[in-house]
Amino acid sequence: MFRHLCCVVAATTIASVALADGYRMECGGLTAVFNQHGKLIDLQNHGVSMLANSADGPAWTLSYKGGSIDSKAYPEPPLVTYGDGEMTFRWQAADLPSVICSVRPNDDNDGLAFSSSVENNTKFRLDDFRYPQEFRFKITSPEDYLIVVQNTHHETNVTPLKDLKKFEVMYPGFMSMQMSGFRLGKDALLFYTDDTTAQVKDHHYESNGDILDYNVSHYIALRPDKFWEPDYSLVVCLLPDGDYNDMAHRYGKWARAQRWARKKFSDKLALRPS
């Protein structure tokens, strides 16, 4: 099986490809690679692998009190469709949640945006949703680092990936920033949720030797027979030769336009917890 959809926006090539063993979506030199079960297995920087994701794990996980459901519980692979430059995966089965996950070029055509929705067809409340399931980064240089706003100290930290300890950050905090930036080799990857209303979500980080595990969980509190479809996506931008300042500038370009950024910085600092 082989299908190809390609268009050109300005000088940026946007393409989605279906292969016998999986799928790809590319924009701005960043390519997301999925297996036939809809799991993200790699992000590629102009063809060079950046992730060490497991090929046989779930594509996503829904958590509830006392347990979880993931994409591997479904008897059939997801239905995959294309339209308007977007690739969509749909999981559906009797008595299981109906889950839709999609990937498309982001609004600035310098990376990709991951979106999702859930219909709760179970008889219990679903609490959290994680998609994509994982981003496992290869730590290849002592110069690789992470920038993030940590709730513990309410300030932006730059931490070498090799020194990173396990921690979580819940958003919104008093600064309402919702981003993570990774400097990997000579390039940078910026992650942020383009969430204008600052809905609750957790960013998880854990370093294991030369691998950094990162994922984002969305708090959905979804009761039976209800539907969750947030009006935001997880955006991933590739910044060639990017550093801390480039990632901060790129995120700030979006963030400064949001309503929660209208206060002066000094006024925001006055709200800082003691």
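These legends walk through several close-up views of a predicted model. Residues are numbered from 1 along each chain as its sequence is written, and side-chain values use heavy atoms, with hydrogens and water left out. Because this is a predicted model, local features need pLDDT of at least 70 and side-chain atom pairs count only at pLDDT 80 or more, whereas totals for chains, interfaces and linings use all residues.

View 1. Buried means under 20% relative accessible area, exposed over 50%, and partly exposed in between, with a 1.4 Å probe and protein chains only. Two strands pair if DSSP finds at least two bridges between them. Start with strand E20 (residues 201-208), which pairs with E21 in the antiparallel sense over 8 bridges. Ser207 has Leu212 of E21 as its bridge partner. Leu212 also stands opposite Phe137. Strand E14 (residues 135-138) runs antiparallel to E21, with 4 bridges joining them. Strand E13 (residues 126-130) is likewise antiparallel to E21, over 4 bridges, and Arg130 has Ser217 as its bridge partner in E21.

**View 2. Backbone angles to look out for.** Most residues other than glycine have a negative phi, and most peptide bonds are trans. Ala221 is not a glycine, yet has a positive phi of about 45 degrees. You will find Ala221 in strand E21, where it counts as partly exposed at 28% relative accessibility. Ala198 also takes a positive phi, near 55 degrees. Its place is the loop between strand E19 (187-193) and E20, and Ala198 is buried at 14% relative accessibility. In the hairpin of E20 and E21, 2 residues lie between the strands, and Gly209 has a positive phi near 65 degrees. For a cis peptide bond, look between Tyr131 and Pro132, where omega is about -15 degrees. Pro132 sits in the loop between E13 and E14.

**View 3. Aromatic pairs.** The whole structure contains 23 aromatic pairs. Rings of Phe, Tyr and Trp (its six-membered ring) pair if their centres lie within 6.5 Å; planes under 30 degrees apart count as stacked, over 60 as edge-to-face and the rest as tilted. One of the pairs joins Phe114 and Tyr131: their ring centres are 6.2 Å apart and their planes meet at 70 degrees, so the pair is edge-to-face. Phe114 lies in strand E12 and Tyr131 in the loop between E13 and E14, so the pair ties together parts 17 residues apart in sequence. Phe114 is buried at a relative accessible area of 3%, and Tyr131 is buried at 3%. Phe167 and Tyr205 form a stacked pair, 4.5 Å centre to centre with 15 degrees between the planes. This pair links distant parts of the chain, with Phe167 in strand E17 (residues 167-171) and Tyr205 in strand E20, 38 residues apart. Phe167 is buried at 15% relative accessible area, as is Tyr205 at 2%.

**View 4. The largest cavity.** The largest cavity holds about 50 Å³ of space, and the structure has 3 cavities of 30 Å³ or more. On a 1 Å grid over the protein atoms alone, a cavity is a set of points where a 1.4 Å probe fits but cannot get out, and a pocket is an open set with protein on both sides within 12 Å along at least five of seven lines; lining residues have an atom within 4 Å of a point. Grid points are joined across faces, edges and corners, and a volume is the space filled by probe spheres set on the points. Among the lining residues are Phe114, Tyr131, His218 and Trp228. Strand E12 (residues 111-119) gives the most to this lining, with 3 residues. By class, the lining has 6 nonpolar, 4 polar and no charged residues. Ala, Val, Leu, Ile, Met, Phe, Trp, Tyr, Cys and Pro count as nonpolar, Asp, Glu, Lys and Arg as charged, and the others, Gly among them, as polar.

**View 5. The second largest pocket.** This pocket has a volume of about 210 Å³. Its lining includes Asn45, Met50, Lys138, Lys186 and Asp187. The lining residues divide into 3 nonpolar, 4 polar and 3 charged.
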